[in-house]
Amino acid sequence: MKLKNPLLAVRDMERSKTFYREVLGLHVVMDFGANVTLTGGLCLQTLDTWTDFLGKEAEEIRFGANDSEVYFEEDDFDGFLASLVGCADPFLPPLEHRGGQRVVRLYDPDRHIIEVGENMKSVCRRFRDQGMTPEQIAARMEVPLKFVTGCLR
């Protein structure tokens, strides 16, 4: 068994492609009209074909249920936050998790939750640049020292 691609049903394919390109920097790898694969393997499917596949009515599909998310990591987290100004609004302000990783959550046009987190190597390097030792970083992040030393190479 091998996981291949997560798939999101979307109401407006062009609007969704624009969002994922302009906000997250993803590009179309394959475009079959009703089904599109983006860089990173995320797939988008038009709502009408999705309901046909499921044998359901469009009214039975619930968007914005807040029961899952698609997670991305970003090396330049501060730059990403700055790029959101004017093109997408987080539904929660950026926050820092207990282990130090900074994240922001926003909705795509169909209210699927998108989380963008600071790359874990970037977290290690940020802590190092603040004067922390690898041992202190491992304790702060609650990860093995071996993981931290690998990130700091």
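Where is the place of Glu-96? In this predicted model, Glu-96 belongs to strand 6, which spans residues 90-96.

Glu-96 has a relative accessible area of 40%. Because buried means under 20% and exposed means over 50%, Glu-96 is classed as partly exposed.

Apart from neighbours within four places in sequence, Glu-96 is in contact with Gln-101, Arg-102, Arg-126 and Arg-140. With Arg-140 there is a polar contact between side chains, at 2.7 Å. Arg-11 lies 85 residues from Glu-96 along the chain, and the C-alpha atoms of the two are 32 Å apart.

## Helix 4 and helix 5

Arg-140, the polar partner of Glu-96, also takes part in the packing of helix 5 against helix 4. Two packed helices are described by the angle between their axes and the distance between the axes. For helix 4 (residues 120-129) and helix 5 (residues 134-141), the angle is about 130° and the axes are 10 Å apart. The two helices are therefore oblique to each other. Helix 4 passes helix 5 in a crossing that is right-handed. On the helix 4 side, the contact is made by Met-120, Val-123, Cys-124, Phe-127 and Arg-128; helix 5 contributes Ile-137, Arg-140 and Met-141.

The buried residues of helix 5 are Ile-137, Ala-138 and Met-141. Seen down the axis of helix 5, these residues fall within an arc of 100°, so they line one face of the helix. An α-helix has 3.6 residues a turn, so residues three or four places apart point the same way. The buried residues of helix 5 pack against helix 4 and also against helix 6 (145-151). Glu-142 follows helix 5 and has a positive phi, near 60°.

## Helix 1

Helix 1 covers residues 13-22, and its buried residues are Met-13, Ser-16, Lys-17, Phe-19 and Tyr-20. These residues are on the same side of helix 1, because the arc they cover around the axis is only 160°. Glu-14, Arg-15 and Glu-22 are exposed on the other side of helix 1.

The packing partners of the buried residues of helix 1 are strands: strand 1 (7-10), strand 2 (28-31), strand 3 (35-38), strand 4 (43-46), strand 7 (102-107) and strand 8 (113-118). At the start of helix 1, the backbone nitrogen of Glu-14 has a side-chain oxygen of Asp-12 within 3.2 Å.

## Asn-35 in strand 3

Asn-35 is located in strand 3, one of the strands against which the buried residues of helix 1 pack. The side chains of Asn-35 and Gln-45 are joined by a polar contact of 2.5 Å.

When neighbours within four places in sequence are left aside, the residues in contact with Asn-35 are Leu-7, Met-13, Met-30, Leu-44 and Gln-45. Among them, Met-13 is also one of the buried residues of helix 1.

## Positive phi in two loops

Most residues other than glycine have a negative phi, and most peptide bonds are trans. Asn-66, in the loop between helix 2 (47-54) and strand 5 (69-74), has a positive phi, near 55°. Its relative accessible area is 44%, and Asn-66 is partly exposed.

Arg-111 lies in the loop that runs between strand 7 and strand 8. Phi of Arg-111 is positive too, near 65°. With a relative accessibility of 43%, Arg-111 counts as partly exposed.

Conventions
Residues numbered from 1 in each chain as written. Predicted model: local features only at pLDDT ≥ 70, side-chain atom pairs only at ≥ 80, totals over all residues. Heavy atoms only, no water. Buried < 20%, exposed > 50% of the residue type's maximum accessible area, 1.4 Å probe, protein only. Helix = DSSP H or I, 4+ residues; strand = E, 2+ residues; numbered from the N terminus. Arc of directions from axis to C-beta. Contact = heavy atoms within 4.5 Å. Polar contact = N/O pair within 3.5 Å; in protein donor to acceptor, adjacent residues only side chain to side chain. Axes fitted to C-alpha atoms, helices over the stretch in contact; angles between N-to-C directions. Parallel < 35°, antiparallel > 145°, perpendicular 65-115°, else oblique. Left-handed = near helix turned anticlockwise from the far one by under 90°.
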